[in-house]
Amino acid sequence: MASDAVLHTRRDGFSVLTLNRPERLNAFNEAQHLSLRAALSECAADDACRAVILTGAGRGFCAGQDLSDRDPTLMGENPDLGRTLEVYYNPLIRQLRSIPKPVICAVNGVAAGAGANIALGCDIVIASRQASFIQAFARIALIPDAGGTYWLTRHLGEARAKALALTAEPLPADKAAEWGLIWKAVEAADLMPEAERLAAHFANGPTHAYALTKQAIQAASVNALDDQLDLERELQREAGTSNDYKEGVAAFLQKRPAVFRGK
Ligand code: T3D
């Protein structure tokens with residue numbers, strides 16, 4: 001769907017998707033949801049796109065749900081928020097998790113509410129040192145959604161997850177990295193160069209093996225070891241059928257750089 005709410009820039013081997021409602025700190029309305037989902041589908045279907053960067057325009061990454069679409073003085077009855085999760089946020093998180101190529105989130109500024117949790121749903125999160133992650137939900141009497149209770153508990157444990165969710169205090173990017181919630185925090189000027197360097201690296205990598213790796217690691221948090229060993233056997237069997245596997249081994253033995261095609 002063509003919409004200015006998300007800008008889709010195609011680069012050599014990867015795409016940059018930019019949430020583009022800076023006057024609202026890129027808070028999500030319906031147009032931004034539909035536009036992001038469509039752009040991710042395009043990236044998934046395009047063999048020339050072998051990695052995705054998600055970032056935000058302006059000084060923020062994303063402030064979660066656009067609350068001006070939830071104004072109680074205009075709405076009468078309370079909205080059914082279960083429905084909006086079902087229709088918008090949950091499919092987006094599932095799409096980020098299942099797209100068969102690496103998704104790098106370049107968190108350029110504040111990431112609040114569902115905005116924080118959409119970032120955490122990406123495969124690799126790099127944040128500007130000026131960014132912070134805010135589980136803002138308690139401030140408006142909601143619970144963390146868009147995977148928030150899942151990411152926080154798995155990455156940080158119950159003590160830190162509960163403190164962040166119940167206090168809604170900002171977690172600075174440096175501390176998020178120190179705690180293992182994100183990959184790294186960098187100077188603001190280095191954020192996009194660093195994300196693009198990584199995306200370009202992935203664009204020349206074994207894309208199918210990346211997709212299988214993503215699948216295996218995501219399954220690990222719910223599988224018992226025996227189940228995970230079985231899954232690794234099946235996914236490795238599949239990885240071993242690829243041309244990239246043959247190329248990787250041949251390149252190693254011939255002492256030359258591998259040229260991966262992503263298949
Ligand atoms: O509803 C459902 O469907 C269920 C799903 C819910 C998912 C959720 O995400 S619920 C949580 C929603 N988000 C929030 O509660 C965060 C609200 N925003 C803030 O708390 C603050 O804006 C920030 C802490 C993120 C940043 O603060 P600050 O001081 O840097 O910026 P600001 O001045 O508050 O915001 C700048 C502008 O963006 C401002 O507009 P103005 O006054 O310049 O015209 C502000 O109103 C607007 N803005 C920021 N966040 C939102 C927003 N407008 C609409 N919705 C927002 N979420």
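Two strands are counted as paired if DSSP finds at least two bridges between them; strands (E, at least two residues) and helices (H or I, at least four) are DSSP runs numbered from the N terminus. The model is predicted: local features need pLDDT of at least 70, side-chain atom pairs count only at pLDDT 80 or more, and totals for chains, interfaces and linings use all residues. Residues are numbered from 1 along each chain as its sequence is written, and side-chain values use heavy atoms, without hydrogens and water.

**Exercise 1.** State the strand order of the open sheet of 6 strands and identify the strands at its edges.

*Solution.* Step 1: the order is S1-S2-S3-S5-S7-S10, with mixed pairing. Step 2: S1 (6-10) and S10 (184-186) each have a single partner strand, so one side of each lacks a neighbour in the sheet.

**Exercise 2.** Determine the sense in which S2 and S3 pair, and the bridge partner of leucine 17 in S3.

*Solution.* Step 1: S2 (residues 15-19) and S3 (residues 52-56) are parallel, over 5 bridges. Step 2: leucine 17 has leucine 54 as its bridge partner. Step 3: Leu17 is also among the residues with the most contacts inside the largest nonpolar core, which has 45 residues. Such a core joins buried (under 20% relative accessible area, 1.4 Å probe, protein chains only) Ala, Val, Leu, Ile, Met, Phe, Trp, Tyr and Cys residues through side-chain atoms within 4.5 Å.

**Exercise 3.** Locate phenylalanine 252 and classify its exposure.

*Solution.* Step 1: phenylalanine 252 lies in helix H11 (residues 243-253). Step 2: its relative accessible area is 65%; since exposed means over 50%, phenylalanine 252 is exposed.
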